[in-house]
2 protein chains.
Amino acid sequence: MLIEDRLKELKEKINAKVPAGINVSEVEFEGPELVIYTDDPKKFADEADLIKVLARDLRKRIVVRPNVLEDPEIAATKIKAVVSEGAGITDMFFDPDTGEVLIEAEKPGVVIGKNGTTLRDITKEIGWTPKVVRTPPIESSTVKQTRQFLRAVKDERKAFLRSIGRRIHRDLTSKDKWVRVTTLGCCREVGRAAFLLSTPESKILIDCGDKPGSSDGFPYLYVPEIFPLKSLDAVVLTHAHLDHCALVPMLYKYGFEGPVYSTPATRDLAVMLQLDYLDVVANEVNQVPYSSKEVQEYIKRSITLNYGSVTDIAPDIKLTYHNAGHILGSAIAHFHIGDGQYNIAFTGDFNYGKTRLFGPATSQFPRLEAVFMESTYGGSEDNQPSKNDAESRLYEIVNETINRGGKIIIPAFAVGRSQEVMLALEEGMRLEKIPKVKVYLDGMIKEATAIHTTYPEYLNPDLRKQIFQEGMNPFLSECFVQVDSPKIREEVIGSDPCIIITTSGMLNGGPVMEYLYALAPYEKNTLIFVGYQADGTIGRRIQKGWKEVPMGRRETIVLNLQIETVDGFSGHSDRRQLMAYVNHLNPRPEKIFTIHGDEKNTIDLASSIYKRFRIETHSPKNLETYRML
Amino acid sequence: MLIEDRLKELKEKINAKVPAGINVSEVEFEGPELVIYTDDPKKFADEADLIKVLARDLRKRIVVRPNVLEDPEIAATKIKAVVSEGAGITDMFFDPDTGEVLIEAEKPGVVIGKNGTTLRDITKEIGWTPKVVRTPPIESSTVKQTRQFLRAVKDERKAFLRSIGRRIHRDLTSKDKWVRVTTLGCCREVGRAAFLLSTPESKILIDCGDKPGSSDGFPYLYVPEIFPLKSLDAVVLTHAHLDHCALVPMLYKYGFEGPVYSTPATRDLAVMLQLDYLDVVANEVNQVPYSSKEVQEYIKRSITLNYGSVTDIAPDIKLTYHNAGHILGSAIAHFHIGDGQYNIAFTGDFNYGKTRLFGPATSQFPRLEAVFMESTYGGSEDNQPSKNDAESRLYEIVNETINRGGKIIIPAFAVGRSQEVMLALEEGMRLEKIPKVKVYLDGMIKEATAIHTTYPEYLNPDLRKQIFQEGMNPFLSECFVQVDSPKIREEVIGSDPCIIITTSGMLNGGPVMEYLYALAPYEKNTLIFVGYQADGTIGRRIQKGWKEVPMGRRETIVLNLQIETVDGFSGHSDRRQLMAYVNHLNPRPEKIFTIHGDEKNTIDLASSIYKRFRIETHSPKNLETYRML
């Protein structure tokens, strides 16, 4: 059926269900959504269940948008006129994708007004639907700039979303039914995640990362399975770590034209990390695989989805994200293929334990035939201490080092481990388990933390409660000091005993190298690893016992300081949790593929899962294709 | 290195090795060969070891060709002038690929002359190198027409071979080393053989057949792995049966431009069967997937190789054919990848037993890491009686049927089973084990037999000896009568007790259906299956006990005649032979993939091989990709 005919049919169906007096002027696919344009958005909103009923009956995600949206500048003025100054409005973000205006205010209650009266007044004045959130306590320049950019390119983006919408809702053409997964990286290794999910109708790339510690660690993006890149329907990101998303902008350089799906938090973290990646690569005098222009291209074509939202991303594939518990916005990507034919989950990196930041990964799915599961700690010996034991051990080392007048370097990914360790240190000081020393944050850790406070809905309920109901945001503790110039870095190095949390997490570049260079010669100082160190990284070499490591091309760092590894802060499930996760998976899948782990670990985990649960397992190699159905 | 520079370098190396006085005017890649053009082909020929030494040192197949080749018409006249009429020259084939002229003569000795004097005289007169063969006792129109066509397009073909030669000898470009095989058909099923062997440098398609008994049994040629078709370096055929070669011409319709490798016998049989396939498909009112124009395209781009000839077919892949014992010209395709990196053999269909026609399949290879092995009779119960037992049983049924005044229908592939059964029947009559009745051959059996007599070098030594030394060619026995008109067919049906060998072998169309329609209602007649009946074919249904089968769209054949299956004539290895083959494989491969068999059989064979030999086995599905290295 022609797409125009399909839209006409949908419009007729909608008109038949909409009460008399509500006008439906246009119906259009925009990205994965069916947008209903109307002169009466308020009447639509008043019919509480109408949108739900339409969504269920039409099996589409429905958005209602007014025909006329006030110009954002004018609308902003009108909002400010309606809301009293005491609300402390700090920013407004007009999202042309949704017709919503996000009002950030220090006192959201004032914007809403008693029984929502003020909000209703706003709605009357402008076409936009107001949503109110508390102003994030730390401002993220990434979030701000991304939102500004999206506003600047809104017309282009709208055209893009319409073309994608039509592509998603194209007719099925093949008589064949099959589902395949091709491994383009991340098999029997950690890093360069990239998996191609294909059917006779569609091609989806899941993640597209680099490989830390490898000079040319790109996924196998040159194989014919994925070419031409414009044949890809979509890229689906599980989370924002660079080994999963670093090379997404590069795809646009080589012909990809489609959308990149992720959670909103993943999008903002990914943009931050990609821009930093470009700096790091440029500094290492490697060829930069793309420029900030392609990062903008990525932003322009990103489509964000929240957990649990079932979304058409291709004519025969629906995507639903579920919490993965790994980092902010991290998700298990669940694909529902065909008419219930086949369901595959890609866990991405996931944590089946509860952490200070996040709840455990989802193990319950409506349907599930196959799982691609990370195996970072998949070896039979790879059990981690409990969070409590890990934190006690961290406190012990901090106390010993500070007591002998030393400084502590904690290399950490800007996103994930840093915030987890920050929360542990803040509590340690608050409860007087460790001395109240300064905790310096270098690299992008502050910006990453700001993004965390922008998306509190992704944090676990305890932390959310602490922040919002108890008004005690641990990220705002005065022990945390941002290092944002070489001068301050010098001062930190020469200062009193302190703790330095800094990137990169595996010592392959970043400010951590400068701290190490200055502090490593002294026995009183301590280097504490709190995260996974991949093969080939300097972090892994130090863990293996190297006493000297290179810094750049000419200099050498002599390691006299204490080297400690505190396991248990990992954002990954350990072996016990991986097995428990499989045990709790519901429904039980027919096949499990162990990926994202050293060769030994993926094989060990696959074999153990088969032995214990009698589920068919595979430990794929890169560049293989598995037939699912 | 530029190809011109490489040729220049090769020319210098050759000049350094060639004795003074022999001129080397040009060196050029033509197809897989390095052609040395010279004014002195005879001097070159006199230096017996020179070409061998050059081939070994340069690691190339070397052909020496005179700068000036006499026009074939004039050369033919000159040859006829030199050779006495008593030689009985029946045909001459000037092969511009090799600069050879093939002289077919009833008395080859006369053409050669005492101590080769006449041959030397010919060489002096013309530039062409004469080769003399005995005139095939039955003329094949396919062979004749193919040779004529190749002569007609010789300039175009030369340009093609030069471009292919340059493509084969291009530089390696990738830093990666990997070897993959993608299954495009023939996995857990019999038919539509198509395997893609790929490296970062090259893509080779092995076989490209249809699926008998299936209306849309094409391999999965639409997947991105194989696109665009012009990215394929070559197609490599194992043998001429349609489930391995039917769709090769179609590839040219969709953009393939490269060469198709096969043995010479396979090429001629394939052309014969493809043209017949077009007729059959057209009669069944299906859409014809290609026309005879594409068959010509195939002939134009075919490159023939003999067993044992190690040949560059891509910058990092060498192909060597070995006897497969299945049908005339059938070959195991052995691929040597990279600099000894990896070696894979595709058995195609193979017979590890000796038959009346062929020797057993080769099990010895210089190197061997992986084998893709057919599993037609791979089930643990799939043992076949010995040839002797099979023939005794055939004689028994023939005697019973003839004695009660019945006729015998033997459906058989035109190529393979027909000739095997012909030889058994001829001997049966000669040794008076069965009565001397007429054996009618309908369909392409006579033409196929003619091609057999054109290539006696592929027959086993006993049969060759019988034909050439004992002068008793069993194919010429007067018991065999060709049916070449509907009128004769009518006569056969109304005639005395007799034996009818006719196509198609699985009763999916062909003249066999007419015989069956006329003879099946009578209990005195017998239908004898001597070959494998694939799922979905009428042959398989009759074996399963159906008492009525459809003929075309409207009519029904009632089966009252006797139904017999005589196992043991198969061109395939039975289960015992498959296991013995693996046992004798030398060197022992690391991996065996069981293909070309029902799902049950491929899995059973894979599992048994693993259990007995501890070799890693896989029973792949279609549309999978396996990483070899």
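Chain A contains 21 helices and 28 strands, where helices (H or I, at least four residues) and strands (E, at least two) are DSSP runs numbered from the N terminus. This is a predicted model, in which local features need pLDDT of at least 70, side-chain atom pairs count only at pLDDT 80 or more, and totals for chains, interfaces and linings use all residues. Residues are numbered from 1 along each chain as its sequence is written.

The radius of gyration of chain A, 25 Å, is close to the 25 Å that the globule rule gives for 629 residues, so the chain is as compact as a globular protein of that length; the radius is taken over C-alpha atoms, and the rule is 2.2 Å times the number of residues to the power 0.38. Further values for the chain follow.

| Property of chain A | Value |
|---|---|
| Box of the C-alpha atoms, along the principal axes | roughly 80 × 60 × 45 Å |
| Accessible surface (Shrake-Rupley method, 1.4 Å probe) | about 24,800 Å² |

Of that accessible surface, 49% belongs to carbon and sulfur atoms.

One pair of helices can be followed in detail. Helix α11 (residues 264–283) of chain A packs against helix α15 (residues 445–454) of chain A at an angle of about 170°, their axes being 10 Å apart, with axes fitted to C-alpha atoms over the stretch in contact and angles running from 0 to 180 degrees between N-to-C directions. That angle makes α11(A) roughly antiparallel to α15(A), a term for angles over 145 degrees. Asp268(A), Leu269(A) and Met272(A) in α11(A) meet Glu447(A), Ala448(A) and Ile451(A) in α15(A), contact being heavy atoms within 4.5 Å.

Notes
Chains are lettered from A and ligands numbered from 1 in the order in which they are written. Side-chain values use heavy atoms; hydrogens and water are left out. Angles under 35 degrees count as roughly parallel, over 145 as roughly antiparallel, 65 to 115 as roughly perpendicular and the rest as oblique.
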